[in-house]
Amino acid sequence: MSLTSLSVSELCALIEKKEVKAEESVLSFLEKIREQEKKISAFLLVLEEEALARAREIDRKKEKGRLAGIPVAIKDNILTRGTRTTCASRILGNFIPPYNATVVERLEKEDAVIIGKTNMDEFAMGSSTENSGFFITKNPWDLRRVPGGSSGGSAAAVATEEAPASLGSDTGGSVRQPAAFCGVVGLKPTYSRVSRFGLVAYASSLDQIGPLTRTVEDCALLLQVIAGQDGRDSTLSSQAVPDYLKEMREGLRSIKAGYLKEDVVKAIDPEVKQLYLYVLGLLEEMGAELLEMDFPSWEYALACYYLIAPSEASSNLARYDGVRYGFRHPSAESLKEMYLSTRTEGFGPEVKRRILLGTFALSSGYYDAYYLKAAKTRSLICREFKEAFKKVDFILTPTTPEPAFLIGAKEDPIAMYLSDVFTVTANLAGIPAISIPVGLSKQGLPIGLQLLADYFQESLLFKLAFLLEKKVKFKKNLKRKEE
Amino acid sequence: MKQQKFDIDHICALANLKLSEEEKARLEPQLVKIVEWVNKLEELELDLTQGEVYTPISFPLPLREDEVQPSISSEDALSNSPDTGGKFIKVPKVIEEK
C-alpha cells in the first residue's frame, strides 16, 4: 500500500513507530503531486525543497509533535511567512507575507509539513475555482468538471492524495461545497473557534478556516490542532477546546435530527435528493428520531448572504490600492489615478462584481433597504436555528443541490450563487457544519451530506459523521478516466 | 420600498474602480439582475427601526494582557511595497502645483 493512500492518523502512527520517516512521507506526496498536477492543477505553488528540508529536520528531532511528517496543503489566502501568498489574485501576485497565520504556526508547532499553496477562487469569491486569476483546477473525479470552490485546490489535493489533509476557508460554503464535489470531508467550525489571524479577510463576520481530509477522524485531529485562542484575533472564544478525538469515539446514545421540508429540497438534482433520503433512512434504522423542520427564512438566506458578504468585501478590499503591497499600476501620474488603475487592472470580474454590489448596498440612500435589511434577516435566521436546536441536536441537508458541474456551465453569476443554497445559512448563523461524502451519482460523481449543529458542538458533528462514515462506506478510490 | 436604481458610474467612483465601456456594458446588466434578485428580501416585513441587528459573537470580547511583544520589523513591513525610499513608501505626487 502506498503511503499517500493512508489517512493522517494512519500515517502518524507509522511515523511514530519509526516505520516510516517524515522524509519518506513527504517524498511520496511530492511524487504524487508530480504525477497528478499535470491533470489537476490544484497547487499554485509546491514547496518541494522547503518541505523536504523541514521533513529531514523533523526526522532529527527527538520529541516530535502530533502531526510529525504529515504534509498539509494550505489555501492561498492563508499567510505563510516567506512563501508567496496570492489569494489567486493578480493584485497580490508577488506578495510575500512577513508573518505566518496562527493556523500555520499551530500546524508547524505539531511538526506538520506545509507542502504547498492551493488554488482558489480569487479572494475566495466563487463556487468553482474558475475565478482564480491564474488557472482552473479540475475535478479529480471527472476532469471536465469543476472541483467546487472557493477552496477547490485544497479539496482536489486531498482527493487525489497529493496531500492527506489541507486547510481551506469557508465564508458561504467554500470548504464544504468543494469537499462534497471532490468526495472528501470538510468542516466549517463555529465562528470564533479558529483564529482568523493571517487569513486574508473576505467577509470578516462570516469567514472561518476549516480542515479538509479523507476521514472524519482526521478532520477532528486537524481541528484539535488549529482551534483555540491566540491573543491575536479578538473575536475568538475563550471556551476550552474539547478533546475532539476522544469525544468522537464516545459515540451517541440517541440521535435527534431535523430534516428539511419537501418544498426546500424539491428543486434539487434527483440523485442528490435520493441519496439524502437514503441517509435519512439509514439514520432511522440506527434508531434516530427524525423531525421535519420548518425554516421560513431559509429561502431568504441566499439573498441575505449575497448582500452581507459583498458589503464586507467592499470594505475589506479597499486596502488593495498599490501602496503597501501587491501590484501597482506603473503608468499612473497621480495618487488617485494610481488607486483607480491598480484596482481596475488587479481585480478579476467576480471580485469587481462583489465590490460594486457591496458598495451599492452600503451607499447612502440604499443602506437601510439593502445592508440593514440583510443584517436583520440574518438575526431572523439565527433565531430560527436557536429554536431548532431546542428540539434537535442535528440538522441534515444535502451539501449542494447537484454534483460537480461542467467547467464553464455557470456563466450567469446568479446561477453560480445558487450552488451555495444549503451552505450559507451556517455562516450567517455562525454555527458549525460538516460535509461528508455519502455516495456517487450514476455518472460517478461524489455527493455530500451536510450536518449542522449548535454553537461549539463540533464534537457532536464528529460523532454522527463518524457513525455515518462507517455506515455508508464511501468508495474513496477515484474512478480513473481513460485519458 | 422598491429601490433598484443602479448608477454604475457613481458606485464605481465610490469603490475606486474605473471600468472600460466594454466592462461596464457587461457588468451593469448583471448587477441590475443581482440587485433585483436580492430584492426578494422585500417580501419579509421587518421593522428596520428597532429589534436586533446580528452581531457575529454574543459573548463579551475577551481581552488579553497588554504585554509588549516584538512586532515585525519596518524592513519586513516595507518589503512588499512596490516603491520605497529609506523607511518610507513612495507614491505619485499628492499635492498639485499651483
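Two residues are taken to be in contact if their C-beta atoms, placed from the backbone, lie within 7 Å. In this predicted model, A:Asp368 touches A:Lys373 and B:Leu48, residues up to four places away in sequence not being counted. A:Asp368 belongs to helix α14 of chain A, which spans residues 368–391. This residue counts as partly exposed because it has 13 C-beta neighbours inside 10 Å.

Between the two chains, 56 residues of chain A are in contact with 45 residues of chain B. On the side of chain A that touches chain B, two or more residues are given by each of α11 (301–316), α12 (335–346), α13 (349–362), α14 and α15 (413–417) of chain A. The largest share, 11 residues, comes from α14(A). By class, this side of chain A comprises 29 nonpolar, 17 polar and 10 charged residues.

Strand β6 of chain A (residues 208–213) is mostly covered, with six of its six residues buried. The burial extends to both faces of β6(A). On one side lie A:Gln208, A:Gly210 and A:Leu212, and on the other A:Ile209, A:Pro211 and A:Thr213, all of them buried.

Strand β6(A) pairs with strand β4 of chain A (residues 165–170) in the antiparallel sense, over six bridges. In β6(A), A:Pro211 has A:Leu167 opposite. Strand β5 of chain A (residues 185–188) also runs antiparallel to β6(A), and two bridges join these strands. Here A:Gly186 stands opposite A:Leu212 of β6(A).

Definitions and conventions. Residues numbered from 1 in each chain as written. Chains lettered and ligands numbered in written order. Predicted model: local features only at pLDDT ≥ 70, side-chain atom pairs only at ≥ 80, totals over all residues. Helix = DSSP H or I, 4+ residues; strand = E, 2+ residues; numbered from the N terminus. Buried ≥ 20, exposed ≤ 12 C-beta atoms within 10 Å, placed from the backbone. Pairing = 2+ DSSP bridges. Nonpolar A, V, L, I, M, F, W, Y, C, P; charged D, E, K, R; others polar.
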